Amino acid sequence: MRWVTCILRCSMLLMLLGLASILANASPIKNDFGHCERVVQKWAFSSLDEEVKEDRHTLRDLLFFLHVPRTGGRTYFHCFLKKLYSKSLECPRSYDKLRFDPSKPKCRLLVTHDDYSMMSKLPNHRTSVVTILRNPVDRVFSTYEFSVEVAARFLVHPNLTSATQMAARLRAKMRGVSTLDIWPWKYLVPWMREDLFARRDARRQRGSDDIKSSGSYDMNEIFMPLHEYINTPIAHDIVHNGATFQVAGLTNNSYLAESHEVRHCVQKYKILGEHVLQVAKKRLDNMLYVGLTEEHKESATMFANVVGAQVISQQRASAMSMENVANENSEQSSLLSDSELENDVHQNSSVDHNASQVASTENGEAMKQNMTVEKLMEAYEVCISSLRKEQGRRRTASLKRISPANFSKEGRRHVPEVVLQQIKSLNSLDLELYKYAQDIFAKQHKHTMEKLFAIKWDSMFNNSDGAVLWKVFALATTLIFFFLFVNSRRRTSKIKI
C-alpha cells in the first residue's frame, strides 16, 4: 500500500509542477500583450489629443513635405517646389538630424523622408504638412525594384569590399546628400548590395552563367526574389505598412523615444495596429494637401492650385512688406541732418541693402519669373518630361548589370497571385490608410474644382469686359423668361377657349 501511496503522491507532485510550468510560461505572454497594449494606447491617446488645426487648408510659414518613399515625391520637389521656392528658402535637406534651428527657421521649405515625428522639432503652429500616398502593393514593388536598381550600380566593382570602400570615399567628398544617407535606402541598399555580390560570387564559383527563372521577380541566381524579399526581417521592419508608420511618426528613423517600442508591439500584435491607423488618419486630416500617385494629373493640378497658389500669394505679400520696410528706411534717412547723414551714411546704406536683399530672397524664383499657377503647371509639364527621361536612362543602365532582369508593369502582372495576396496581408494598415486618403483626395479635389469654377465665373463678370458680358447675360436671361412667359400665356388662352 505504501508504494501505491508513494506513486500517487509523486504523480500529483508532477502534475502540479507541470501546471506551474505552463502557468509560468503563459504568464509572460499575457503580460507582454498587456504591456504592449498599454504602451500603444498611451501613445495613441496622447497623439489623438493633439490640437486640431481649424485652418489646416491655409498655408503657414513653413511647408513640411513628408516624402513617403516611391510615391513620386522627387518629381514634386524638382518640378513644383524648386520652381516656387528659391534655394535660400529651402531648409538644409537632412534625413538623419536637423541642421537648422527649428525654433527660428529662416527657411520656408523642408523636404525629407523623415516621418511625422519631425513635427516635434518644428514650430507646430507655423508649419503646414503635405504628403503623397500610393497604392501599397505598387509601393512594395517599387521599393523592391529601386533597392535592386541602386544596389546593382555597385556591380561595376570587382568585389563587395571595393564597392563599399569606393562608396565611402565618394560620400566623404560629396557636399550634398547621398542616397546611402537617406532613410530607408541607407538600410535597404547596402543590404541588397551585399546580397547581389554574394549571388554573383556564387555564380562565378559554379563557373556557369546559365540563368533559370520564372520572370524578372524570381531570378534567384542573380538577386533576391520578390517572394523572399517580402518575408525578410528588414522588410517587415521598414517596408511593410511603411506609409502608415511614417505618417504616424513610428519608423525606425523616428525622433520619438517611445516610437520603437510602439512599432514593435504593433508588429508583434496585429490587433494593436488599429490605434496606429487612427492616429495616421487624423494626421492626414490635418494636412494641407494629400496627393495620390495613381491620380497623377489630378494630384498635380490640385497641388498647383492648393499649395502653389498660396506659396505665390504668400511670397508676393512678403515681398511687398519688405519693399515697404525698405521705403520707410529710405524716407527716414532723408530726414536726417547733413551732419547725421555724413556720420550714418554707411549704416543707412547697409540697412537699405539688407532690406532689399531680404526682399529679393523672399521673392524667390517665383517672383523673378512673375509666377502664376498656369505658368507653374507649364513648367511642371516640361520638367517632369525631362526628369522621366533621366530616370529612365539611369534605370536602364543599372538593369543592364543584372540582365536579363527587366522590371516593368507587364512583369508585375506575372507575379503569382499568392505573392500578391501575401503583400496585401502584410500591408493591411497601408491599404486602409490609402482608402482613407482616397476619400480625402476626392473631397479636396471636388472643393478645389468648385472654387476654381467660382473664381473663373467671377472673373468673367468683374473685369473690363465683364460689364458687357453681364449685360449680354442679363439680356439673354430676360429674353428667355419673356419667351417662356408668352408661351405659357398662349397655352393658358388655348385651355380657356
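Author: Glu149 is a buried residue, with a relative accessible area of 5%; buried means under 20% relative accessible area, exposed over 50%, and partly exposed in between, using a 1.4 Å probe and protein chains only. This is a predicted model, in which local features need pLDDT of at least 70, side-chain atom pairs count only at pLDDT 80 or more, and totals for chains, interfaces and linings use all residues. Residues are numbered from 1 along each chain as its sequence is written, and side-chain values use heavy atoms, with hydrogens and water left out.

Glu149 forms a salt bridge with Arg153, with 3.3 Å between the closest N and O atoms. A salt bridge here is a side-chain nitrogen of Lys or Arg within 4 Å of a carboxyl oxygen of Asp or Glu. The whole structure has 16 salt bridges.

Another one pairs Glu228 with Arg199, the closest N and O atoms again being 3.3 Å apart. This pair links distant parts of the chain, 29 residues apart: Glu228 lies in helix α6 (residues 226-229) and Arg199 in helix α5 (residues 185-206). Helices (H or I, at least four residues) and strands (E, at least two) are DSSP runs, numbered from the N terminus. Glu228 is partly exposed at 32% relative accessibility, whereas Arg199 is buried at 13%. Salt bridges that share partners also join Asp138, Glu145, Glu149, Arg153, Arg395 and Arg412 into one network.

Next come the disulfides. A disulfide is a covalent bond between the sulfur atoms of two cysteines; the search takes a pair of cysteine sulfur atoms within 2.5 Å. It finds three in the whole structure.

Cys36 and Cys265 form one of them, with sulfur atoms 2.2 Å apart. Cys36 is in helix α1 (residues 2-48) and Cys265 in helix α9 (residues 259-268), 229 residues apart in the chain. The torsion about their S-S bond is about -70 degrees, so this disulfide is left-handed. Both Cys36 and Cys265 are buried.

Cys79 is joined to Cys383 at an S to S distance of 2.1 Å. This link connects helix α2 (residues 73-84) with helix α13 (residues 373-400), across 304 residues. Cys79 has a relative accessible area of 0%, and Cys383 is also buried, at 13%.

Cys91 and Cys107 form a disulfide with sulfur atoms 2.0 Å apart. With 85 degrees about the S-S bond, their link is right-handed. In sequence order, the bonded cysteines pair as 1-5, 2-6, 3-4.
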